[in-house]
Amino acid sequence: MEPFAYTKAADTRAALAAGQRGGRYIAGGTTLVDLMRETVERPTEVVDIAGLPLRDITLTPGGGLRLGALALMADAAADPRVRTTFPVISEALELSASAQLRNMATLGGNIMQRTRCTYFRDVTANCNKRSPGSGCAALQGINRSHAILGTSDQCVATHPSDVAVAFTALDATVRLLGPDGERTVAFGDFLLPPGTTPDREHALRPGELITAIDIPPHPRPLRSGYLKVRDRQSYEFALTSAAVALHIQGGVVRAAKIAAGGVGTVPWRLPAVEQRLIGKRPSGELWAQVAAVAADGARPLEHNAFKVELLKRTVERQLRIVGGTE
Ligand code: SF4
């Protein structure tokens, strides 16, 4: 680890001032400290924002949720309002990381976590995300865990967050605070696919702070849930995952919100699957039929072609779990 200055932000204004001069925000530190130890990240100043009043979880008018950016993963997962209104969020959080990490890590930090691509974390490997223009060791290397959707010839790393998949499915909005005031960004526009600039991972402007994630109201009743497929049942990242929310009324699917994780360079929304569900009666046949298009557009690499079929089966299974088969 390289030397750095440590600043504890007394309030939001002090945090923003430090962010403006190039300080890196830290709260739980469960990603940034690891990366600093490995010298992947080398901030000259770290700004501790853990004491800022951004932990509240509140219900919003109409049945939405506001999740403070500094709410701990464990607290958000256990919150009865989250569990009742959007179980897909609770389930995604509970299937993330380990109990110890969930008690340290914040929601803002979770969505800002960086890829688990092993070449990104190995400073001796070529990596366009860590060192633009150096190449991508994963393209010809071991790429079993890498993305099949949203990739470019510059980078094929997956986004590792589970709860970001739920936020994507639920049309969440990210609330930001910067020197010019507040603004909001749709979650689907917040995390950026690699394209030709894989080092640019999000829509934050320099010094901006995430203050909250808003989940809009959805038509009720809403059934939702998260399924994660991984090599082991604990403390492991997704090979594939599916966040599914369905509004079924009168025996017909009226609204469907579906996103996949573990397969995309960003959490991957599945509009083709959603559209095929609207107006249809739930059945095992329907789930299988619509899940068949879940991996359309996939570009598998040498070691991860299995994800194409696995994604379809993950989506089908989660539709079956959430939607039933009546
Ligand atoms: Fe780096 Fe992306 Fe290639 Fe991994 S996949 S080595 S993060 S450029």
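This is a predicted model: local features need pLDDT of at least 70, side-chain atom pairs count only at pLDDT 80 or more; totals for chains, interfaces and linings use all residues.
Visitor: Let's start with leucine 93. Why is leucine 93 called buried?

Guide: Buried means under 20% relative accessible area, exposed means over 50%, and partly exposed lies in between (1.4 Å probe, protein chains only). Leucine 93 has 0% relative accessibility, so leucine 93 counts as buried.

Visitor: Where is leucine 93, and which residues does leucine 93 touch?

Guide: Leucine 93 belongs to helix H5; helices here are DSSP runs of H or I with at least four residues, strands are runs of E with at least two, and both are numbered from the N terminus. Not counting residues up to four places away in sequence, leucine 93 touches Met73, Ala76, Ala77, Arg102, Leu107 and Val163. Contact here means heavy atoms within 4.5 Å.

Visitor: What makes threonine 168 buried?

Guide: Threonine 168 has a relative accessibility of 9%, so threonine 168 counts as buried. This threonine is part of helix H9. Leaving aside neighbours within four places in sequence, threonine 168 is in contact with Phe187, Ala259, Pro267 and Arg269. From threonine 168 to alanine 186, 18 residues apart along the chain, the C-alpha separation is 8.9 Å.

Visitor: And how do you know whether threonine 151 is buried or exposed?

Guide: The relative accessible area of threonine 151 is 16%, and therefore threonine 151 is buried. You can find threonine 151 in the loop between helix H8 (137-140) and helix H9 (163-169). Val156, Thr265 and Arg299 are the residues that threonine 151 touches, not counting those up to four places away in sequence.

Visitor: Why is proline 271 called partly exposed?

Guide: Proline 271 has 40% relative accessibility, so proline 271 counts as partly exposed. Look for proline 271 in helix H11 (residues 271-277). The C-alpha atoms of proline 271 and alanine 256 are 15 residues apart along the chain and separated by 8.9 Å.

Visitor: What makes glycine 22 partly exposed?

Guide: The value for glycine 22 is 48% relative accessibility, so glycine 22 counts as partly exposed. Glycine 22 lies in the loop between helix H1 (12-20) and strand S2 (24-26). Glycine 22 and valine 46 are 24 residues apart in sequence, and 9.0 Å apart in space from C-alpha to C-alpha.

Visitor: What can you tell me about phi of alanine 97 and of aspartate 171?

Guide: Phi of alanine 97 is near 50°, a positive value in a residue other than glycine. Alanine 97 sits in the loop between helix H5 (87-94) and helix H6 (99-102), and because its relative accessible area is 27%, alanine 97 is partly exposed. Phi of aspartate 171 is near 60°, again a positive value in a residue other than glycine. Aspartate 171 is in the loop between H9 and strand S6 (173-178), and at 31% relative accessibility aspartate 171 counts as partly exposed.

Visitor: What makes the peptide bond from arginine 220 to proline 221 cis?

Guide: That peptide bond has omega near 0°, and is cis. Proline 221 is in the loop between strand S8 (209-215) and strand S9 (223-229).

Visitor: Which residues come nearest to the ligand?

Guide: There are 15 residues around the ligand, and Cys117, Cys127, Cys136, Cys155 and Val156 come nearest. A residue is near a molecule if one of its heavy atoms lies within 4 Å of it. The shell around the ligand has 10 nonpolar residues, four polar and one charged. For this count, Ala, Val, Leu, Ile, Met, Phe, Trp, Tyr, Cys and Pro are nonpolar, Asp, Glu, Lys and Arg are charged, and the others, Gly among them, are polar.

Note on methods: Residues are numbered from 1 along each chain as its sequence is written. Side-chain values use heavy atoms; hydrogens and water are left out.
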